[in-house]
2 protein chains.
Amino acid sequence: MSDPRPIGVFDSGVGGLTVLSEIRDRLPYEHTIYFGDTARVPYGVRDLTEVRWFAFEIIHYLIDLDVKMVVIACNTATAAALKAAQRSFDVPVIGVIEPGARAAALETRNRRAGVLATEATVTSGAYRRAVHAFDAGISVYEQACPAFVPLIERGIVDGPELERVATGYLTPLMERRVDAVILGCTHYPLISATINRILGPGVRLISSAGQTALEVGRILSRRGFLRRPKHPDDEGRSTYICSADPEEFALLGSRFLEEEIEAAAPAAAL
Amino acid sequence: MSDPRPIGVFDSGVGGLTVLSEIRDRLPYEHTIYFGDTARVPYGVRDLTEVRWFAFEIIHYLIDLDVKMVVIACNTATAAALKAAQRSFDVPVIGVIEPGARAAALETRNRRAGVLATEATVTSGAYRRAVHAFDAGISVYEQACPAFVPLIERGIVDGPELERVATGYLTPLMERRVDAVILGCTHYPLISATINRILGPGVRLISSAGQTALEVGRILSRRGFLRRPKHPDDEGRSTYICSADPEEFALLGSRFLEEEIEAAAPAAAL
């Protein structure tokens with residue numbers, strides 16, 4: 001049995017491409033469609049009701065393209081829309097918060113976990129709640145890192161400036177003796193080497209992007225929804241759609257995908 | 001690194017031995033201590049506050065025996081005490097509800113899942129909530145099966161009487177077109193062959209006992225808490241403790257463990 005329908009992945013912008021990248025690494029035979037809502041980025045400063053409305057528009061758009069599953073590759077949209085989307089659509093919908101939270105709960109030895117995220121995500125408390133759904137006794141320390149996204153989008157993913165900023169954010173977590181830290185923003189995998197070095201070998205760094213990709217694989221394989229290739233070279237295709245300038249999307253997005261995006265299509269009016 | 005401390009498992013009576021059996025099958029090198037609170041069985045008819053008090057007494061007792069983890073192998077005690085126990089004790093504590101619920105959420109293709117459980121568990125709505133924590137859009141149909149436990153404890157685990165009773169319970173679930181069914185009571189693995197036959201090959205039967213054992217293995221291995229044997233024959237030992245007549249426990253319990261219990265010790269006054 002083979003299900004050739006694509007997996008739909010969306011984010012407010014390019015950050016969710018780190019999730020797409022992990023999905024492609026783990027499930028190379030799957031077709032994917034990525035939607036970046038670059039005309040309305042960022043979602044973090046908007047009202048949650050508005051974000052839910054945007055998410056529903058995009059999911060409808062992806063379902064019209066016959067996706068077999070939807071991944072909300074955006075922390076803000078996951079917090080705003082995941083549960084409502086699961087109740088409203090027939091295809092499985094997953095977000096980026098629960099998989100990372102579960103991995104942290106499984107991996108912390110001293111039951112002290114840290115979360116690095118944007119201010120909006122920290123304020124929502126979504127990671128804390130998700131970790132506690134697995135183990136209510138884990139101490140969760142959330143650290144807002146407002147300077148990371150602007151640095152990463154300017155291309156600063158290593159060097160002394162990032163090092164200084166990261167040390168400032170990580171020191172309070174290290175003082176709390178956390179032994180597992182969740183990268184709770186889709187931009188952060190680009191700076192994981194620096195974060196890992198500062199935290200040291202005793203702390204496990206958990207990528208929400210990587211854990212979400214693993215969960216996509218589990219759901220598709222356990223439900224029998226994987227695409228079976230006709231021959232080993234028959235890899236999946238990726239399609240990129242965005243709601244603002246496609247060239248800008250391709251340029252910035254290639255860094256997040258760690259691979260060149262040759263062409264992105266503008267979305268028809270949603 | 002090897003952690004030789006035992007895993008503690010408890011239930012109101014003998015039902016949780018199906019969970020212990022799955023843990024021993026999957027983790028043969030682990031030492032285990034099973035506590036059956038046979039003096040106070042069943043928990044299902046009691047007040048939740050009282051059950052939480054019993055669970056805390058037993059967990060304190062197990063921690064005094066230096067367990068590295070506690071498994072609440074009882075649906076009622078999980079609903080009553082899991083979250084509070086996770087917050088109160090330093091060792092990891094897991095219950096039997098979340099692992100089965102997660103497996104059902106991962107495996108249902110049509111997002112329609114059934115739950116077979118005691119009346120107390122169905123009334124608590126714990127499985128429905130746990131499935132919805134993973135996917136809020138899954139339709140969950142819960143079926144109380146009050147006749148199963150008395151039949152199983154009388155040794156009736158197949159034959160026309162069980163068949164008739166089971167058909168009565170399963171028909172409403174089949175009419176709802178569920179394609180995944182959770183055995184939401186630790187007694188039910190003993191009658192899974194009959195349930196499987198009635199449901200047919202299109203429905204996946206999920207054992208909470210088996211899924212809980214898998215979760216124990218995940219937590220111990222990912223945290224580095226497994227016991228490493230000195231040589232391949234160095235299997236783990238199991239110790240059985242109960243709060244009422246040890247001979248009666250060993251006699252009834254052997255059927256649930258699918259292996260003879262040679263000796264059970266009476267609990268010292270808790």
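Which residues does Cys74(A) touch, not counting residues up to four places away in sequence? They are Phe10(A), Asp11(A), Ser12(A), Tyr43(A) and Val96(A), where contact means heavy atoms within 4.5 Å.

On conventions: this is a predicted model, where local features need pLDDT of at least 70, side-chain atom pairs count only at pLDDT 80 or more, and totals for chains, interfaces and linings use all residues. Residues are numbered from 1 along each chain as its sequence is written, chains are lettered from A and ligands numbered from 1 in the order in which they are written, and side-chain values use heavy atoms, with hydrogens and water left out.

An unreviewed UniProt entry annotates Cys74(A) and Cys185(A) as "active site"; such annotations may be inferred rather than shown by experiment.

Cys74(A) is in the loop between strand S3 (69–72) and helix H3 (75–88) of chain A; helices (H or I, at least four residues) and strands (E, at least two) are DSSP runs, numbered from the N terminus. Cys74(A) counts as buried, at 6% relative accessibility. Buried is under 20% relative accessible area, exposed over 50%, partly exposed in between, with a 1.4 Å probe and protein chains only.

Cys185(A) is also buried, at 8%. Leaving aside neighbours within four places in sequence, Cys185(A) contacts Asn75(A), Leu116(A), Thr118(A) and Val149(A).

Now chain B. An open sheet of six strands runs S4-S3-S1-S2-S9-S10, with parallel pairing; strands pair if DSSP finds at least two bridges between them. Strands S2 (32–36) and S9 (238–242) of chain B pair over five bridges, and Phe35(B) has Ile241(B) as its bridge partner.
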